[in-house]
Amino acid sequence: MGKSLIITEKPSVAQEFAKVLGVSGGRRDGYLENQKYVITWCVGHLVAMVYPESYDIKYKKWKLEDLPFLPKEYKYDVIKDVSRQYDVVHGMLMREDIDRVYWAGDAGKEGQTIEENIRRFGGVRPGMKELRVWIDSQTEEEILRGIREAKPMAEYDNLAKSGIMRTIEDYAMGINFSRAMSVKYGKLLNDAAATKSYTAIAVGRVMTCVLGMVVIREREIRNFAETPFYRVVGGFLPEGAETEETVTAEWKAVNGSKYFESPLLYKENGFKERKYAEELAAFLSEPLPAEGTVESIERKKETKNPPLLYNLAEIQNECSKLFKISPDQTLNIIQELYEKKLVTYPRTDARVLSSAVCKEISKNISGLINYEPVKAFAQDI
């Protein structure tokens, strides 16, 4: 029986697999190896779609008449900056002494797409068995389970196709709309911004929507006009009260009252002009013909479930509010904690824990409390 190849998405994850599988002392240039396993890694994407000028040099110059650019078959190539690691991974996939490969990228569409691009571009040696490791944490138990229960790569074909189609969508939208907007409005915007060098207009499936929301919200903030209104609040002493502590109550115009739906109101509990609020307050301060009565009291018992755990978006939002740190800073902190097995995989929408992670929590909670970066971070805030 030949060796088994394990391909992870990051070097740090490869190190965790190596620890669990006992692959030590065999560190090479871009991989680890012993008598049973070869472990290598990607560094994010190794293969990506090429720019239009790789199809035809004429596309290097941006022209409206060349749009839309929608080739019948999209071309891929190795990303120049990571070509060395690609050569390592591709070389392993062609080795005669390796008879199976465990694809162990991140459990999600993006991880599957990274792997699929490598498989499609460079291929896998005929006869090599391909299995997919799907885990949501890097505990020893979870890594061993993932290898033990690895499924044929073919079972993830639909997820891979979905990732490829999303990539094509991003590419088609980005290339065509960025070029169209830049050709038509690029000079206008650069002149208006007085840029020192020409900057193209970038359009993307996500970035443009987010930018649009930011712009709309910014306009709302800039155009916001404060509208003061005046409320009437009084203190009432319940009959028979043993103390002088009053009950605070706010006046509100209800159906049947004098001011109900009055044009003098800004809201049902406030006036547009101060003088009308003062008139009502003066009227209520005079001796009234009858004492006020409590018409109804409502009591209810609520049972609230504890809040769900954080996912990445939630914790980024919370850290931004509490600690004034950016989403990128939060991600870096969470990523480091993940690599120390102190939090679960951060790039997921899940807000619950798997049973494997639950078992590991009690082992690591003391480590989290005493982990120096966490202690230092807690002191800083």
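Modeller: Contact here means heavy atoms within 4.5 Å. Please bear in mind throughout that the model is predicted.

Biologist: Which residues does Leu-5 touch, not counting residues up to four places away in sequence?

Modeller: Leu-5 is one of the residues that touch the most other members of the largest nonpolar core, a core of 21 residues. With residues up to four places away in sequence not counted, its contacts are Val-38, Thr-40, Met-92, Leu-93, Ile-98, Arg-100, Val-101 and Tyr-102.

Biologist: Which element gives the most residues to the largest nonpolar core?

Modeller: Among the core residues that touch the most other members are Ile-7, Leu-46, Trp-103 and Ile-118. Two or more residues come from each of β1 (3-8), α2 (83-93), β6 (98-104) and α3 (109-122). The element that gives the most, with 5 residues, is α2.

Biologist: How many residues does the other core, which lies apart from this one, contain?

Modeller: Ala-18, Leu-21, Val-23 and Ile-39 are among the members of that other core.

Biologist: Against which elements do the buried residues of α1 pack?

Modeller: Helix α1 spans residues 11-21, and its buried residues are Val-13, Ala-14, Glu-16, Phe-17, Ala-18, Val-20 and Leu-21. The helix is followed by Gly-22, which has a positive phi near 70°. The buried residues of α1 pack against β1, β3 (37-41), β6, α4 (140-148) and α9.

Biologist: Is Thr-330 buried or exposed?

Modeller: Thr-330 belongs to helix α9, residues 327-339. Leaving out residues up to four places away in sequence, Thr-330 touches Ile-315, Gln-316, Cys-319 and Ile-325. Because its relative accessible area is 2%, Thr-330 is buried.

Biologist: Which residues are joined by a cis peptide bond?

Modeller: Most peptide bonds are trans. In this model, Pro-68 is placed in the loop between β4 (47-49) and β5 (76-78). With omega at about 0°, the cis peptide bond joins Leu-67 and Pro-68.

Biologist: What is the phi of Ala-194?

Modeller: Most residues other than glycine have a negative phi. Ala-194 is found in the loop between α5 (157-193) and α6 (207-223). At 59% relative accessibility, Ala-194 is exposed, because the cut-off for that class is over 50%. Although Ala-194 is not a glycine, its phi is positive, at about 55°.

Biologist: And what value does the phi of Lys-324 take?

Modeller: Lys-324 sits in the loop between α8 (312-323) and α9. Its relative accessibility is 68%, so Lys-324 counts as exposed. This residue is not a glycine, yet its phi is positive, near 60°.

Biologist: How far apart in space are Glu-96 and Tyr-59, C-alpha to C-alpha?

Modeller: Glu-96 lies in the loop between α2 and β6. Its relative accessibility of 65% is the reason why Glu-96 counts as exposed. Glu-96 and Tyr-59 are 37 residues apart in sequence, and their C-alpha to C-alpha distance in space is 41 Å.

Biologist: What separates the C-alpha atoms of Ala-350 and Leu-308?

Modeller: Ala-350 is placed in the loop between α9 and α10 (355-370), and at 40% relative accessibility Ala-350 counts as partly exposed. Not counting residues up to four places away in sequence, Ala-350 touches Tyr-310 and Asn-311. Ala-350 and Leu-308 are 42 residues apart along the chain, and their C-alpha atoms are separated by 9.5 Å.

Notes: Residues are numbered from 1 along each chain as its sequence is written. This is a predicted model: local features need pLDDT of at least 70, side-chain atom pairs count only at pLDDT 80 or more; totals for chains, interfaces and linings use all residues. Side-chain values use heavy atoms; hydrogens and water are left out. A nonpolar core is a set of buried Ala, Val, Leu, Ile, Met, Phe, Trp, Tyr and Cys residues joined through side-chain atoms within 4.5 Å. Buried means under 20% relative accessible area, exposed over 50%, partly exposed in between (1.4 Å probe, protein chains only). Helices (H or I, at least four residues) and strands (E, at least two) are DSSP runs, numbered from the N terminus.
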